[in-house]
Amino acid sequence: MVKGKKLFSTIMAVSLIGGALAGCSSKAENGANAGADTGTNAGVTAPASTEPANNEERALKIMTGVIGGKTPEENVLFEKEIERLTGIKATVNKPASDYDQKLLAAIASGEKYDLLQISKSQMNSFIDQGILTPLTDQVTGSKVLSDPSVIPTNEWDQLKTKDGEIYGVFTKYQGGTMPIVRADWLTKLELQEPKTLDEYYTVLKAFTEQDPDGNGKKDTYGVSTAGLYDVQGFFSAAGLKARYVQTSDGKLDVPFSTDAAIPVYEWLNKLYKEGILDPNFATNDSGKMRDLFLSDRVGMVTYWDAWVGMFNNTRKQQDPNTTFEAKALPGVPDANGNYMLRRGDPDVWVIPVNAEHPKTAFEFIEWWNTKEGITLGSLGIKDNDYTVDSGGKLTLTETGEEHAGDHGVPFWYNSTVEAPFGKLPGVQAAQDLVNQYATLELTPPNWADAEKIINEYSFNAIMGELPAADAVKKMREELKAANLID
Amino acid sequence: MRAAFKFKTLYLMMAPILAYFAIFSFYPLVRGLVISFQQYRLIGDRPFVGFANYSDVLKDPVLWDTFGNTLVIGAGIFALNFILPIVLALSLNEVASAWFKKITQMIVYLPHLFSWVVVGGMWILMLSPDTGVVNQIMMLFGADPVNFLSSDRFARAVMILTSGWKEMGFTCILYLAAIVGINPALYEAARIDGASRWQQVRYVTVPLLVSTMKVVVMLNMLGILRMFDQIFVMSNGAIADKVDVIMMYTYQRGILQFEVGPATAAGFLIILATFAITYVTRAVIRYDEG
């Protein structure tokens with residue numbers, strides 16, 4: 001009896017922990033039944049009808065990470081604005097945080113959404129699970145989306161699967177990352193824009209040692225990063241792409257684990273040893289890195305094109321007479337003079353296979369890429385974020401100023417739609433660099449495992465805990481041993 | 001049946017609690033177990049695949065790496081969280097000044113109230129190689145700055161020490177509560193027998209804390225494999241291979257890689273391991289013998 005009690009109490013204790021651990025999964029399981037109840041759509045990837053007639057109820061249930069109102073109250077206005085402009089009664093679920101987890105839980109628990117806003121890597125996972133509606137026929141048949149002035153033809157290549165299918169449509173123009181330099185410091189210290197690794201070293205050393213902020217203290221760093229996010233502009237010097245590449249014989253390889261990367265690691269190690277690279281680079285998040293740049297503590301960061309404008313605008317708002325000038329650089333060219341920057345994974349609209357209004361959803365996607373849709377995604381809601389006078393002139397309200405023209409679409413592809421208030425200073429030049437030199441990274445499903453190994457040895461090399469050559473050798477050996485490279 | 005009717009009020013009071021655990025713990029547990037045997041898809045059919053998910057995670061070297069990290073860091077935290085609070089509680093018990101005792105108690109207890117997001121962020125700042133207070137103090141004594149949070153050598157120690165710092169106050173209060181409950185007559189008898197202050201602590205206080213120690217051991221043991229928040233906040237690319245614990249593995253596979261089947265299988269392996277550790281610990285410390 002006593003033993004029975006013991007066993008029972010032990011099982012109870014462990015079960016309680018187990019319950020907590022399995023909590024998320026339980027929601028997911030609910031979806032098994034839900035998925036099975038979805039009639040003809042369940043478990044199949046049947047293409048949505050391409051018939052033009054849309055007899056569906058004009059309603060949409062949408063889940064987004066960044067598209068929508070900035071507050072729950074504004075999100076209600078956002079839904080009403082969609083209805084006013086399109087006649088579609090939309091419900092926009094925009095979680096305040098932890099989007100990926102909430103998205104996973106919502107879908108798995110059986111909630112049926114007509115539209116989801118997800119990243120390209122998530123789209124690939126969803127395609128593998130067969131839960132997205134193919135949109136190839138609808139996209140090619142769409143007057144709006146097949147228009148190259150709305151979305152340039154070659155951009156679609158980013159979204160196509162190996163067999164040429166399209167499952168998602170861009171929600172916005174996705175930029176890229178690059179070195180961003182304090183151009184005013186370059187001028188002050190009479191330095192030229194760097195082009196080679198040696199020139200970068202000279203400039204960054206000067207930023208560290210020549211008191212560019214003029215406060216009489218040695219309190220600046222040449223460059224800061226948030227971990228290895230994103231050093232592509234420097235590895236470009238060796239012609240190496242971050243993450244994975246597919247070699248000519250179809251094998252997957254990690255260029256950062258090749259011998260060609262050794263000189264770049266040695267260069268970064270030199271920056272670290274000499275106190276030119278922010279010593280907190282390994283623990284920095286992007287917010288800390290931005291703060292360092294905005295507070296005159298560092299002369300160069302590696303970050304998004306859009307932030308060139310935000311940096312300039314932030315400082316201009318703080319002090320209209322500031323000399324602060326952030327400027328995008330193309331990184332370092334390789335021996336053949338080619339630059340190599342990183343393009344961000346695009347965000348896309350996708351239609352799940354169990355969507356109740358797939359035709360209306362596609363209609364909305366088309367509208368999203370028109371002037372009206374772009375205005376809603378950027379400026380926001382009429383009479384809340386902006387007003388229009390009788391002459392058609394737009395004026396931002398105080399709320400609109402705060403929201404900085406971003407309701408999920410700060411930039412867009414449609415070249416026929418002009419930004420009503422122009423772009424922030426420096427952004428266009430940065431975007432030109434992205435368009436000219438940036439390419440997407442190849443991210444296989446097992447990237448998280450490879451990333452851990454690459455990070456470990458890259459940090460070891462940069463921080464001098466291992467000679468660069470040894471770090472690269474071990475990195476490669478471990479990647480091979482774990483079958484993470486061919 | 002008659003007994004059930006006799007105590008119906010008690011059963012009625014228990015009902016909401018039982019319902020709560022049934023809905024939020026046991027039901028998810030059973031559904032999770034089912035998922036761990038399925039090829040999981042977010043929408044649509046989910047065929048059963050037997051033990052394939054378990055086989056997948058058990059063959060994954062990353063699981064074993066993270067399990068190793070969990071055991072090393074967990075053992076360190078266990079040892080620290082067992083010894084430090086006893087020392088602190090016994091020391092505080094010797095303090096005569098009531099206000100000093102209360103203020104110290106409050107100070108050591110405070111970190112327990114904060115989430116790891118706050119505590120982790122604070123330690124990241126304090127351990128910063130350039131502006132962190134720890135390195136500033138070290139540099140005062142002529143030492144070179146150390147990059148504690150991006151060095152393989154210090155990573156695990158940092159996790160153990162910061163965890164000990166955060167949880168020490170909570171465990172200390174358990175011991176202090178137990179010490180307050182000790183019959184003063186026992187100390188009086190010891191004093192009459194000529195026991196020194198140290199002997200009173202050694203032969204009266206400590207033996208009477210054994211049952212509380214057992215509770216602390218059990219609580220700490222149950223927590224070892226559930227470690228997550230601290231590592232999630234304080235880990236970074238440079239030290240991930242040394243500090244990523246087994247719950248990080250389930251998070252990465254389930255949430256980041258959308259591989260819910262293997263992640264759930266890993267979750268159930270953790271439950272089994274916790275079951276085994278708990279059972280062995282109960283036997284070793286003779287938990288039920290008071």
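Buried residues make up 47% of the 486 residues in chain A, a residue being buried if 20 or more other C-beta atoms lie within 10 Å of its own, with C-beta atoms placed from the backbone. This is a predicted model, in which local features need pLDDT of at least 70, side-chain atom pairs count only at pLDDT 80 or more, and totals for chains, interfaces and linings use all residues. Residues are numbered from 1 along each chain as its sequence is written, and chains are lettered from A in the order in which they are written.

Chain A has 17 helices and 14 strands; these are DSSP runs numbered from the N terminus, helices being H or I of at least four residues and strands E of at least two. The domain assignment, which is automatic or taken from a database, divides chain A into domain 1 (45-174 + 345-414) and domain 2 (176-343 + 439-481). The C-alpha centres of these two domains of chain A lie 33 Å apart.

The largest nonpolar core has 158 residues, and A:Leu115, A:Ile180, A:Phe235, A:Val264, A:Tyr265 and A:Val350 have the most contacts inside it. Such a core is a set of buried Ala, Val, Leu, Ile, Met, Phe, Trp, Tyr and Cys residues joined through C-beta atoms within 7 Å. Because domain 1 and domain 2 of chain A both give residues to this core, it lies between them. Apart from it lies another core, of seven residues, including B:Ala89, B:Cys172, B:Tyr175 and B:Leu209.

In chain A, the axes of α9 (residues 262-273) and α16 (residues 447-462) come within 7 Å and cross at roughly 55 degrees; axes are lines fitted to C-alpha atoms over the stretch in contact, and angles run from 0 to 180 degrees between N-to-C directions. On the α9(A) side, A:Tyr265, A:Leu268, A:Asn269 and A:Tyr272 meet A:Ser458, A:Ala461 and A:Ile462 of α16(A), contact requiring C-beta atoms, placed from the backbone, within 7 Å.

For chain B, an unreviewed UniProt entry annotates residues 67-281 as "domain: ABC transmembrane type-1"; such annotations may be inferred rather than shown by experiment. Over residues 67-281 of chain B, the chain is 80% helix and 0% strand. The entry also lists transmembrane regions in chain B, among them residues 107-126 and 265-285. Residues 265-285 of chain B are 100% helix, with end C-alpha atoms 30 Å apart.

Notes: A residue is buried if 20 or more other C-beta atoms lie within 10 Å of its own, exposed if 12 or fewer, and partly exposed in between; C-beta atoms are placed from the backbone. Two residues are in contact if their C-beta atoms, placed from the backbone, lie within 7 Å.
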